[in-house]
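Visitor: I'm new to this one. Could you walk me through how to read it, one feature at a time?

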Amino acid sequence: GRSAFAAARVTSHDMDRAKGTVIFNSAGAHISSHLAAVSLAALDGLNGLCPGVCVNLYLTNAGVEVSAPPHTDMQDVVIVQTQGRKRWRVYSPPDNVAMSGADPFVLGKNGNDLLVETLTLEDSGSELLLEVTLCPGDVLFVPARFPHTTDTLECYDAAAAAAGEEEDGQDSSIHLTVGLDTHVWSMNFVSMRRLGLRKFGKADILRANAAGVGGYDDDGVDGSCIGAINLLSLELREHLFSSVDGCLLSPRGEDPGPLERQHSVRKVAADLELLIAKVDGDSSTWLSFDQCVEVVEQFRAVGQKVFNVHAAMYVAAMEEESERMREPDWDADENMTKDQSERLSIFRVPIFFEQLDGFREELRAWSMEGSGRQ
């Protein structure tokens, strides 16, 4: 009989039969032949602007009415259409005040339904910005918090049919989503402010009260952006939601030196200090400049670790591909050696993600030191 690996494989026949979208999460870490190099190139090309890049792969058959319902993401995403066609509708973020009880980064997820009808209401504050059908080679950028929905229904017009493109299995839509994981790894001002206030035992007016009313109520790193934060002015909200200066992180093989690093840290710290003063009217809850420097230093140190592990994960995938090329007749079947089986991505990749989760816990534990909570 076939091995467990062979039996568990997803075949092209399986994907052709799929009624929705088949998603390969973290494909860049698992598909070493091509996507690991794409992931590493994206990470390097951003020159330290974000601590992590995650490439997912999406396959949708032609003629699907809703391949992704309306939702928002924590990541800024770059969409690269590689096969077939897919229609995208992108909306401006809805009014935070009207939806203050929802996290603008995860609308349409976790049981929080988001309907096109809601986005098109006159008082929603949202409007359709773009409706476009992507063809192979097209690229689309969708910022975090911008609602979007997709389909593959009637994406082929008469001109496409005349050119030989038909709505059948061979023209299923395939696209890559390159996620720029700045917010995922808390490299933004809302996280710096939140964890900094917690670290130094300061009251946080955006935190929920004892009854769980008013704002976020968790003690983790990724506190939901709900409640009071969405009632702030547009200027303050956008400042809080913005990512930090990309100069904080050092690209692979580059060391800016202590003076340049200190300059970057102090620049972000000054920005954080001013932001906290604008949000928190009571000066007794403000952080000093030196405290802001300590906060930024901690985020920089953890962010650099996250960046380095992402790079190492993609390099390991590429090295594994090179190793396989040197092994004749390599295949994931019952004839694998113990060494070969241990090198499979389903075993290799989780080790890196465990390290990444550890850095998230490191940041959380640091922030809890002055809070009286553990």
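This is a predicted model: local features need pLDDT of at least 70, side-chain atom pairs count only at pLDDT 80 or more; totals for chains, interfaces and linings use all residues.

Visitor: How many helices and strands does the protein chain have?

Guide: There are 12 helices and 9 strands in the protein chain.

Visitor: What share of the residues is buried?

Guide: Buried means under 20% relative accessible area, exposed over 50%, and partly exposed in between, with a 1.4 Å probe and protein chains only. Here, 47% of the 374 residues count as buried. As for the surface, accessible areas come from the Shrake-Rupley method with a 1.4 Å probe, and for residues only the protein chains shown count as cover. The protein chain exposes about 17900 Å², with 54% of that supplied by carbon and sulfur atoms.

Visitor: And what about contacts between residues 24 or more positions apart?

Guide: A contact means heavy atoms within 4.5 Å. Among contacts with a separation of 6 or more, 81% are between residues 24 or more positions apart.

Visitor: Now the sheet. In which order do its 5 strands come?

Guide: Two strands pair if DSSP finds at least two bridges between them. The 5 strands here run β1-β2-β9-β4-β7 in an open sheet with antiparallel pairing. At the edges are β1 (21-24) and β7 (139-142), each pairing on one side only. From one strand to the next, the twist averages 20°.

Visitor: Which helix packs on that sheet?

Guide: For directions, axes are lines fitted to C-alpha atoms, for helices over the stretch in contact, and angles run from 0 to 180 degrees between N-to-C directions. Helix α4 (residues 35-45) packs there, touching β2 (53-60) and β9 (173-180), and its direction makes about 135° with that of β2.

Visitor: Can we zoom in on β4? What does it pair with, and over how many bridges?

Guide: A general idea to start: in a regular strand the side chains alternate between the two faces of the sheet. Strand β4 (residues 76-83) pairs with β7 over 4 bridges and with β9 over 7 bridges, in the antiparallel sense each time. Val80 has Leu176 as its bridge partner in β9 and stands opposite Val139 in β7. Ile79, for its part, is bridged to Leu140 in β7.

Visitor: What should I look at when two helices pack?

Guide: Two packed helices are described by the angle between their axes and the distance between the axes. Take α7 (residues 189-199) and α9 (residues 258-279): they pack at about 75°, with their axes 10 Å apart. That makes α7 roughly perpendicular to α9, since angles under 35 degrees count as roughly parallel, over 145 as roughly antiparallel, 65 to 115 as roughly perpendicular and the rest as oblique. On the α7 side, Phe189, Met192, Arg193 and Leu197 make the contact; α9 brings Val268, Asp271, Leu272, Leu275, Ile276 and Val279.

Visitor: Which residues have a positive phi without being glycine?

Guide: Most residues other than glycine have a negative phi, and most peptide bonds are trans. Two cases here are Asn47, with phi near 55°, and Arg145, at about 80°. Asn47 sits in the loop between α4 and β2 and is partly exposed, at 46% relative accessible area. Arg145 lies in the loop between β7 and β8 (148-151) and is buried, at 10%.

Visitor: One last stop: is Gly303 buried or exposed?

Guide: Gly303 is buried, with 4% relative accessibility, and belongs to helix α10 (residues 289-325). Not counting residues up to four places away in sequence, Gly303 touches Pro51, Met187 and Leu249. The C-alpha atoms of Gly303 and Ser186 are 8.5 Å apart, although 117 residues separate the two along the chain.

Note on methods
Residues are numbered from 1 along each chain as its sequence is written. Side-chain values use heavy atoms; hydrogens and water are left out. Helices (H or I, at least four residues) and strands (E, at least two) are DSSP runs, numbered from the N terminus.
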